[in-house]
Amino acid sequence: MSPLTKVIDCDVHNQFNHYTDLVPYLKEPWKSRVASLGIHVGFTYTSPIGVMRKDAVPPNGGKPGSSPDYLYKQLIEEYQMEYAILTGDDIMHLSVNPDPDYAAALASAYNDYLVEVWLRSNKKFKGSLVVTTQDPQLAAKEIDRLGSHPDIVQVIMASASAMPLGQRFYHPIYEAAERNGLPIAIHPGSEGGGASGAPTSAGYPSNYLQWHTCLSQNFMAQLVSLVCEGVMVKYPGLKFVLTEGGVTWLPHVMWRLDKNYKGLRHLAPWLKKLPSQYIRDSVYFTTQPIEEPDDASQLTTLLNMIDAENILMFSSDYPHWDFDSPTMIWNRMPKAARSKIFYENAKALYRLE
């Protein structure tokens, strides 16, 4: 990788070391509940190899991703990154918990912890404001509460949901994000858990291998919903970031959606241009997990099909097991698009100096 190329990592999973780290930021009755019972998210599938890099444990112990100093040293300093967009970890998946007040209270506590512990520690860290989707009014209130913080650069929420995310039930979240000038990142991890729907179109797979491979199915459905329900029309200033959901599925989804729209446009009369154009204008994607065909030129062909130069942003997924280093991804990206993918797109979207 060229040493002159700047890098912004758009998916870095910081986390608290222990659930008690959030207790000081909670009010009753949630403070006593979490202190005595812990946090319950609602995962269904477990990786037999774990989900964290073994070498990401901080020198003084604790969870990978829980030490601001060690994360800075192992990721930002190692790869000379300009910024790391912190996306949290398990906490972002609280939307599958059936209790909307509990989930919203925990998200709010985490956001205060994020500001106090992480964003104040290093200006290289930029934060994602976690919201839960069970009660969109509570989520909108949280966006208005902290959305103007100078180091908060986006809203983040789980891709697992009880109904497709384009539906009007969720629109207060999008209105608040647009009002605060923040893009919305959608991130996988809790599909099939808690109060969400089945993780695949065929139902519930048997294990983590199948579940992890099929995560892109959920992203396809959520993207089609956001476009066809007119979210990009209603909130023209809002941008979305589909994080950690893959990218090479996008060409066939855009082709199929455009083809169907031409014959069924009366079902989405608010759309004034082809669905694929709304995607190109309003949606960004992150590189990790990048698909790895045997013939690298095939990936380049697919990336050119989706105009990756303008809608793709680098992400490492640190400190997860399938971490992608920028040095590994660099050569897989089209040469002419590298500076935009690794730096310029994120700089513009997140309004970074």
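**Exercise 1.** Decide whether Phe 323 is buried or exposed, then describe its pairing with Tyr 318.

*Solution.* Step 1: Phe 323 has 17% relative accessibility, so it counts as buried. Buried means under 20% relative accessible area, exposed over 50%, and partly exposed in between (1.4 Å probe, protein chains only). This is a predicted model, in which local features need pLDDT of at least 70, side-chain atom pairs count only at pLDDT 80 or more, and totals for chains, interfaces and linings use all residues. Residues are numbered from 1 along each chain as its sequence is written, and side-chain values use heavy atoms, with hydrogens and water left out.

Step 2: Tyr 318 is at 0% relative accessibility and therefore counts as buried.

Step 3: The structure holds 14 aromatic pairs. One of them joins Tyr 318 and Phe 323, with 6.1 Å centre to centre and 80° between the planes, which is edge-to-face. Rings of Phe, Tyr and Trp (its six-membered ring) pair if their centres lie within 6.5 Å; planes under 30 degrees apart count as stacked, over 60 as edge-to-face and the rest as tilted.

**Exercise 2.** Which residues does Leu 238 touch, not counting residues up to four places away in sequence?

*Solution.* Step 1: Locate Leu 238 in the loop between helix H8 (231–234) and strand S6 (240–242). Helices (H or I, at least four residues) and strands (E, at least two) are DSSP runs, numbered from the N terminus.

Step 2: With a relative accessible area of 1%, Leu 238 is buried.

Step 3: Beyond that sequence limit, Leu 238 touches Tyr 174, Ala 177, Glu 178, Leu 182, Pro 183, Ile 184 and Ser 282. Contact means heavy atoms within 4.5 Å.
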